[in-house]
Amino acid sequence: MTTAVVPPPGLSAPSPWVQRWSHLVPGGGSVLDVACGAGRHLYWFHARGHRVTGVDRSPEAIAALGELARGGAEIVQADIENGLWPFSGRQFDAIVVTNYLWRPLFPGLLASVAPGGVLIYETFAHGNASVGRPARPEFLLQPGELLDLCRPTLRVVAFEDGFLDAPERFVQRIAAVRETASGQDIP
């Protein structure tokens, strides 16, 4: 049973990209927020009646999400870059990733999208070094890379690759669904 949870003051607003495509998440479905940080997307989906799970390696971030955990959220502290994927064998109706890139994680992420589920992903892309951080190539998607990673497994609903001006950054963003066995489209 989940209870209403009020986001803490000063919490950043959810990404407009996540908000725009959140209607693709089946009603009441489970949502995994990868590298969830302060939980802006956890609060967003929790307020809409979704079962939420957040994972982050920061003990401080996890501790700050205690109110969400008391409200029914599953909060997991794990170093997903140096340890095992803590959700092996589980699937979620939505996986949300923003401002985070760890390429070795992609097979596990894609396998964790349930039939009829959606991946909503937004992170920094090639060109970002010209306007700020991150600037190291291992943290920046190459042109079309996110699209190429998703295409064999998921049906792409929306994709953007380019410059945003507030704040200045280069990003790639995708919303992609795993079709059901019946091949029915997602609403």
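Modeller: Helix 2, residues 40-47, is largely enclosed by the rest of the structure, because 7 of its 8 residues are buried. Buried means under 20% relative accessible area, exposed means over 50%, and partly exposed lies in between, with a 1.4 Å probe and protein chains only. Helices (H or I, at least four residues) and strands (E, at least two) are DSSP runs, numbered from the N terminus. The model is predicted, so local features need pLDDT of at least 70 and side-chain atom pairs count only at pLDDT 80 or more, while totals for chains, interfaces and linings use all residues. Residues are numbered from 1 along each chain as its sequence is written, and side-chain values use heavy atoms, without hydrogens and water.

The buried residues of helix 2 are Arg40, His41, Leu42, Tyr43, Trp44, Phe45 and His46. Gly49, just after the helix, has a positive phi of about 85°.

Strand 4, residues 92-98, gives a second case: 7 of its 7 residues are buried, so the rest of the structure largely encloses this strand too. Strand 4 pairs with strand 1, residues 30-34, in the parallel sense over 4 bridges; two strands pair if DSSP finds at least two bridges between them. In this pairing, Asp33 stands opposite Val96 of strand 4. Strand 4 also runs parallel to strand 5, joined by 6 bridges, and there Ala94 stands opposite Val118 of strand 5. Between strand 4 and strand 5 the chain passes through helix 5, residues 106-111, in a right-handed β-α-β crossover. Right-handed means that, with the strands pointing away from the viewer, the path from the first strand over the helix to the second runs clockwise.

For contrast, Pro59 is found in helix 3, residues 59-64. Pro59 counts as partly exposed, because its relative accessibility is 44%. From Pro59 to Val25 is 34 residues in sequence and 28 Å in space, C-alpha to C-alpha.
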